[in-house]
Amino acid sequence: MTVAAVLAAYAAGLGIVGPGMLGRAGWTERAPLLAIVVYLAAGWSVIAAVGLAGLTLAVHATVLGGGLSDLIGACVHRLRAAYGTPGGAAVAGLGLTLAGAVAARAALTAAACFRAAGRQALRHAQTARLAGRPEPALGAVLVEHAQPAAYCVAGRQPTVIVTAGAVRALDPGQLDAVLAHERAHLAGRHHRLLALARIGREVLPFVPLMRDADQQVARLVELHADDAAARARDPRLLATALVVLAAPGRPGSPAPALAAGATDSVQRIRRLLGPGEPLGRARRRLLRATAAALALTPVLLALTPAVVALALGKLPGT
């Protein structure tokens, strides 16, 4: 019960306090990929903590560090003891229900999300290839449309799509920078990062951190793609291209796509024109360690009684 309470408190604390702490952090724009990793590690740490809290309610925490036979035996012993103790069956049942619900919801949501996104992306890529024509010089599919737009669709047929309106509105340097931005989305597997954030939000939609992570990851992948394009091209070219693509009245990108002109273009333009100092090596290492700690904390909290019992020689078979 104590371990379950600690895990629940950890999940609640991180889920409520986390958005404010990360939102006030000034380093996220200077290292967007690291910020994405930290957001995802924090969000899925909350999910893991909730699931493990339920599991430790149903099974004594010390056996989680033992073998499979110890775990199965403990489950049987726990169920027998639960039904012989007033309220024990309810607590064990509640724990199993919570752990099972979190695991099942995460698995089903992930399967549905990836399946739907894959189908939608493939359908859109095929439609774009039929409606447009490949332009080897651009490395993209050109679609005849008057509105300037450029976006990419991942999946089995990763495709960069640009409209004729964008080709006419942008000069060659600007267009090249925009296409580099879209190729960075595909190379960075940004669609998968977005999917992980979206799945986390669907699993625990009432937790503030999960909602915030979904929004922040969508913003940060654009910053990361901007950085990749700016390393290979003049950042001023991408900034001026964003002015054209983000002009009022421009349509948004299709649902499965990532568009160069999306997500707070004013902030991105300012950032491209006046980039901040990159994070130092020591701080990057610290942030990587923070992400790893967030990912491991629920497991460590759940296994602490097992580690203590092992040290005292009280685990079965020791």
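**Cavity, pocket and helices in a predicted model**

The largest cavity has a volume of about 40 Å³. A cavity here is a set of points, on a 1 Å grid over the protein atoms alone, where a 1.4 Å probe fits but cannot get out, and its lining residues have an atom within 4 Å of a point. Grid points are joined across faces, edges and corners, and a volume is the space filled by probe spheres set on the points. The structure holds 1 cavity of 30 Å³ or more. Its lining is made by Tyr-39, Leu-40, Gly-43, Trp-44, Leu-196, Ala-197, Gly-200, Met-210 and Ala-213. Two or more of these residues come from each of α2, α7 (190-203) and α8, and α2 gives the most, with 4 residues. Helices (H or I, at least four residues) and strands (E, at least two) are DSSP runs, numbered from the N terminus.

The coordinates belong to a predicted model, in which local features need pLDDT of at least 70 and side-chain atom pairs count only at pLDDT 80 or more, while totals for chains, interfaces and linings use all residues. Residues are numbered from 1 along each chain as its sequence is written, and side-chain values use heavy atoms, with hydrogens and water left out. The mean pLDDT (the predictor's confidence in each residue, from 0 to 100) is 83, and 80% of the residues reach 70 or more. Residues 65-69 have pLDDT below 50, and beyond near neighbours in sequence this stretch has 2 contacts in the model, a contact being heavy atoms within 4.5 Å. Residues 82-86 also have pLDDT below 50, with 4 contacts beyond near neighbours in sequence. Where pLDDT is low, the predicted coordinates should not be read in detail.

Taken overall, the protein has 11 helices and 5 strands. Of its 318 residues, 45% are buried; buried means under 20% relative accessible area, exposed over 50%, and partly exposed in between (1.4 Å probe, protein chains only). Among contacts with a separation of 6 or more, 71% join residues 24 or more positions apart.

Helix α2, which contributes to the cavity lining, has 27 residues, and its end C-alpha atoms are 40 Å apart, in agreement with the 39 Å that it should span at 1.5 Å a residue. The expected span is 1.5 Å times one less than the number of residues. Because 22 of its 27 residues are buried, α2 is largely enclosed by the rest of the structure. Thr-56 has its place in this helix and counts as buried, at 6% relative accessibility. A polar atom of the Thr-56 side chain lies 3.0 Å from the backbone oxygen of Ala-53. Leaving aside neighbours within four places in sequence, Thr-28 is in contact with Leu-22, Ala-35, Arg-219 and Leu-220.

The second largest pocket has a volume of about 410 Å³; a pocket is an open set of points with protein on both sides within 12 Å along at least five of seven lines. Its lining comprises 18 residues, of which Glu-29, Arg-30, Pro-32, Asp-227 and Arg-271 are the closest to its centre. Helices α2, α8 (208-232) and α10 (265-273) each give two or more residues to this lining, and α8 gives the most, with 4 residues.

Not counting residues up to four places away in sequence, Pro-208 touches Gly-15, Ile-16 and Pro-19. Pro-208 and Gly-20 lie 9.6 Å apart, C-alpha to C-alpha, although 188 residues separate them in sequence. Arg-231, also found in α8, counts as exposed at 65% relative accessibility. The C-alpha atoms of Arg-231 and Ala-180 are separated by 9.9 Å, with the two residues 51 apart along the chain.

Ala-180 is one of the buried residues of α6, which also include Gln-174, His-181, Glu-182 and His-185. Helix α6 (residues 172-187) has 16 residues and reaches 22 Å from its first C-alpha to its last, close to the 22 Å expected at 1.5 Å a residue. Its N-terminal end is capped by Asp-171, with a side-chain oxygen 3.0 Å from the backbone nitrogen of Gly-173. After α6 comes Arg-189, whose phi is positive, near 50 degrees.

Methods
Polar contact = N/O pair within 3.5 Å; in protein donor to acceptor, adjacent residues only side chain to side chain.
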